[in-house]
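Visitor: I am new to this structure and would like a close look at a single part of it. Please show it to me first.

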Amino acid sequence: MSYVAHIEESACAAHGDCEAIAPEIFRVDDVAVVIADGPDELMLEAARVCPAVAIRITEQTTGEQLFP
Ligand code: SF4
């Protein structure tokens, strides 16, 4: 199983929590962007701490939404 992160740009407040937790996956400029794949659990943890719930996690193969 492999996860994919999507940023809801209209919701992102660019506070940078995702980048602080997973700098290898997220970079924050005007809004957060996904710059690389990373460990699934780290990606999920970053989504959980996002105060704006702006990170959606899906399963790569099935497209199933895993978070939120
Ligand atoms: S933690 Fe959420 S709101 Fe903050 S920069 Fe990352 S995606 Fe945007």
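Visitor: Which residues of helix α2 are buried?

Guide: Please keep in mind that this is a predicted model. Helix α2 covers residues 40-49, and its buried residues are D40, M43, L44, A46 and A47.

The chain has 2 helices and 5 strands. Read from the N terminus, the order of its elements is β-α-β-β-α-β-β. Its radius of gyration is 11 Å, close to the 11 Å that the globule rule gives for 68 residues, so the chain is as compact as a globular protein of that length. Along the principal axes, the C-alpha atoms fill a box of roughly 30 × 20 × 15 Å.

Burial can also be given for the chain as a whole: 34% of its 68 residues count as buried. The accessible surface comes to about 4,000 Å², and carbon and sulfur atoms account for 48% of that surface. As for contacts between residues at least 6 apart in sequence, 43% of them join residues at least 24 apart.

Next comes the loop between α2 and β4, where P51 is found. P51 is exposed, because its relative accessible area is 57% and the cut-off for exposed is over 50%. Leaving aside residues up to four places away in sequence, P51 touches H15 and D17. Between P51 and G16 there are 9.9 Å in space, C-alpha to C-alpha, while in sequence the two are 35 residues apart.

G16 leads on to the ligand. The ligand is surrounded by 13 residues, and G16 is one of the closest, together with C12, A13, C18 and C50. By type, the residues of this shell divide into 10 nonpolar, 2 polar and 1 charged.

Conventions. Residues are numbered from 1 along each chain as its sequence is written. This is a predicted model: local features need pLDDT of at least 70, side-chain atom pairs count only at pLDDT 80 or more; totals for chains, interfaces and linings use all residues. Side-chain values use heavy atoms; hydrogens and water are left out. Buried means under 20% relative accessible area, exposed over 50%, partly exposed in between (1.4 Å probe, protein chains only). Helices (H or I, at least four residues) and strands (E, at least two) are DSSP runs, numbered from the N terminus. A residue is near a molecule or strand if one of its heavy atoms lies within 4 Å of it. Ala, Val, Leu, Ile, Met, Phe, Trp, Tyr, Cys and Pro count as nonpolar, Asp, Glu, Lys and Arg as charged, and the others, Gly among them, as polar. Contact means heavy atoms within 4.5 Å. The radius of gyration is taken over C-alpha atoms; the globule rule is 2.2 Å times the number of residues to the power 0.38. Accessible areas come from the Shrake-Rupley method with a 1.4 Å probe; for residues, only the protein chains shown count as cover.
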